[in-house]
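Subject: Structure handover

Hello,

Here is the structure for you to look over. My notes on its strands follow below.

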Amino acid sequence: SSQNILSLAGVNYIVSAYKLTNTDFSFKAAISPYPDFKFEPLLLYSNKQARPPGYIVYNSKKMDTLEEFNTQLAGENFLESNTLLVEDDALKIVNSNIKLSPVHFTSRKFNEVLLETESDIDGILVLTDTNYPGWKASVDKTPVKIYIVNLVQRGILLTAGKHLVKFSFYSDAFENGKKITVISWLIISLVMFLSSSFFRRRDFGKN
């Protein structure tokens with residue numbers, strides 16, 4: 001389960017204090033934080049099964065409970081099956097013999113992701129980073145719904161053909177916070193200005 005979760009999350013490298021015997025983790029190097037490090041060096045492994053940051057999948061399985069998710073993730077051949085775990089009936093597709101398709105990222109920013117996709121049949125585009133409220137998606141400039149897949153990731157439906165896909169992040173809470181901050185500073189500045197003008201006039205009247 002742990003290996004499958006790491007791979008689904010796109011974790012390419014693992015640093016361990018212990019030797020890993022799993023053949024899916026390939027040893028890369030021994031790392032010593034400092035030249036005079038007195039303890040055993042840390043071991044760096046690469047994960048052969050790690051999923052790319054984005055891909056198109058053509059086979060899905062609907063999960064209704066958390067126990068079903070756990071059961072699927074515990075399967076030794078789960079990654080080889082190229083199955084996407086979904087919670088919505090709209091994402092149910094069955095093409096078990098088709099492998100994952102790569103996608104091309106043209107831009108990746110903290111609040112915007114642009115990519116190009118191409119597929120011969122309908123599929124589901126998956127991004128391996130964690131879904132968070134505030135993300136919006138569009139395909140060829142047409143807004144589309146973002147679904148939660150693999151329990152915590154985000155996915156969208158894609159029809160066959162070439163597409164330009166855009167994910168953009170907009171948080172209402174963050175934007176409202178910015179507005180409140182600006183208004184607060186304006187009020188504070190106005191109060192300070194009026195206060196200084198009022199006390200200056202009082203001092204001038206006394207003289």
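Two strands count as paired if DSSP finds at least two bridges between them. Keep in mind that this is a predicted model.

Start with strand E11, residues 135-139. Of its 5 residues, 4 are buried, so E11 is largely enclosed by the rest of the structure. Buried here means under 20% relative accessible area.

E11 pairs with strand E15, residues 161-169. The pairing is antiparallel and runs over 5 bridges. Within it, Lys-136 has Ser-168 of E15 as its bridge partner.

E11 also pairs with strand E12, residues 142-144. These two are antiparallel as well, joined by 3 bridges. Val-139 sits opposite Thr-142 of E12. The hairpin of E11 and E12 has 2 residues between the strands. Asp-140 in this hairpin takes a positive phi near 55°.

Now the sheet with E1, E2 and E3. Its 3 strands form an open sheet, ordered E1-E3-E2, with antiparallel pairing. Strand E1 (13-16) and strand E2 (25-31) stand at the edges. Each has a single partner strand, so one side of each is left without a neighbour in the sheet. From one strand to the next, the twist averages 25°.

Which residues make up E3, the strand joined to E2? E3 covers residues 42-47. E2 and E3 run antiparallel and are joined by 6 bridges.

Best regards

Technical notes: Residues numbered from 1 in each chain as written. Predicted model: local features only at pLDDT ≥ 70, side-chain atom pairs only at ≥ 80, totals over all residues. Heavy atoms only, no water. Axes fitted to C-alpha atoms, helices over the stretch in contact; angles between N-to-C directions. Buried < 20%, exposed > 50% of the residue type's maximum accessible area, 1.4 Å probe, protein only.
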